[in-house]
Amino acid sequence: MQPGGQSLKSTSEGHIEKRKGEHIRICLQEEVAGVGIQTGFDDYRFKHNALPELSFERIRLDTEWFGQPLRAPLLVSSMTGGTNEAGAINKRLAMAAEERGWAIGLGSMRAALEKEELASTFKIRAFAPRIPIIANIGAVQLNYGMGPEACQRAVDLAEANALVLHLNALQEVFQPEGDTDFSGLLGRIEEVCRNVAVPVGVKEVGWGIDGRTAARLSEAGVAFIDAAGAGGTSWSQVEKFRVSDPVRRQAAEAFAGWGIPTAESVAEVRAALPSMPIVASGGLHNGVDAAKAIALGANMAGFGRSLLPQAAGENSALSIEGLIEQFERIEFELRAAMFGIGAATISELGGTDRLVRISST
């Protein structure tokens with residue numbers, strides 16, 4: 001038992017599968033982007049290099065993630081799992097990621113740990129045998145019965161190469177069945193980092209991580225940070241469509257513009273932690289966004305809701321084909337941006353001085 005006297009099989013059992021299905025529907029059908037806040041990438045422009053002195057065909061996107069090779073510094077961000085529909089989405093995303101050599105993150109795996117019959121919706125290794133897979137648990141669940149052993153089970157179930165603990169404090173506040181005891185979590189995160197057999201990272205879910213918090217997480221042993229900043233999906237907006245309490249529903253509007261823009265979060269985390277592996281996610285839509293994120297200090301760029309409509313298509317073969325085409329487009333845009341500044345490798349992109357801030361707003 002943990003604080004609050006709740007066990008792993010909490011009072012939310014039986015509701016998780018329904019909630020996951022609602023999240024997919026809402027993200028596909030409703031307007032859930034933040035309001036009055038952008039990713040911050042529009043505040044930057046690359047200074048064009050009219051004489052790049054390199055061949056476009058020789059531009060390389062390959063990199064590595066904790067010693068594992070990647071054909072591109074790109075990630076399918078953690079999104080879903082826990083329902084049959086989510087399992088189909090994860091399969092399609094995994095197949096496309098394997099085809100293009102991207103890493104892939106899974107949605108929160110709490111459902112798989114609490115209901116064995118849902119575990120298959122997270123088992124994508126058969127469809128992605130060579131790429132990094134990142135398992136995912138809500139950090140707050142460390143205060144509600146989960147510990148290092150449960151986290152390791154999630155890793156083993158997914159045959160994952162890494163684990164990410166997601167921080168979603170405001171989502172839990174607005175979620176009808178939210179878990180809101182975030183007290184003492186840093187020490188519990190440190191315990192997981194010490195006892196899980198793969199690199200353990202921490203990510204936000206769309207409100208960003210600041211440099212001071214990143215430094216505290218690093219001191220606790222966190223191996224990587226996913227900034228997951230504002231400007232994309234706002235989970236207070238998502239939960240607004242689920243909550244029946246009129247007070248919380250109206251209050252969600254006050255938080256539609258909350259968060260640290262993705263570009264700002266990435267730059268701040270990089271300034272605080274010069275050698276920390278960083279993922280930039282939160283509102284990325286194209287390869288130019290990815291290029292800017294890497295130039296700001298990210299090692300990898302993550303794409304989430306922008307992939308979901310294609311991944312959720314009813315025709316599996318067409319969905320996978322469309323996803324692969326979408327991945328190819330993002331890669332082409334990234335390579336074209338690199339060509340436009342004369343950067344032949346991801347390392348050169350990360351060290352460029354050709355990204356210029358044009359706005360302070």
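**Aromatic contacts and cysteines**

Arg 335 sits over the face of Phe 56, 4.4 Å from the ring centre (a charge counts as over a ring if NZ of Lys or CZ of Arg is within 6 Å of the ring centre and within 35 degrees of the ring normal). This is a predicted model, where local features need pLDDT of at least 70 and side-chain atom pairs count only at pLDDT 80 or more, while totals for chains, interfaces and linings use all residues. Residues are numbered from 1 along each chain as its sequence is written, and side-chain values use heavy atoms, with hydrogens and water left out.

**Aromatic pairs**
- The structure holds nine aromatic pairs (rings of Phe, Tyr and Trp, the last by its six-membered ring, with centres within 6.5 Å; planes under 30 degrees apart are stacked, over 60 edge-to-face, the rest tilted).
- One of them joins Phe 56 and Phe 332 edge-to-face, at 5.8 Å centre to centre and 65° between the planes.
- Phe 56 lies in the loop between strands S1 (44–46) and S2 (63–65) and Phe 332 in helix H13 (residues 316–341), so this pair ties together parts 276 residues apart in sequence (helices are DSSP runs of H or I, at least four residues, and strands of E, at least two, numbered from the N terminus).
- Ring pairs link Phe 56, Phe 332 and Phe 339 into a cluster.

**Burial**
- Phe 56 is buried at 19% relative accessibility (buried is under 20% relative accessible area, exposed over 50%, partly exposed in between; 1.4 Å probe, protein chains only).
- Trp 65 is buried at 5%, whereas Phe 66 is partly exposed at 40%.

**Cysteines**
- The disulfide count is zero (a disulfide needs two cysteine sulfur atoms within 2.5 Å).
- The sulfur of Cys 151 is 9.4 Å from the closest cysteine sulfur, in Cys 193, too far for a bond.
- Cys 151 is buried at 0%.
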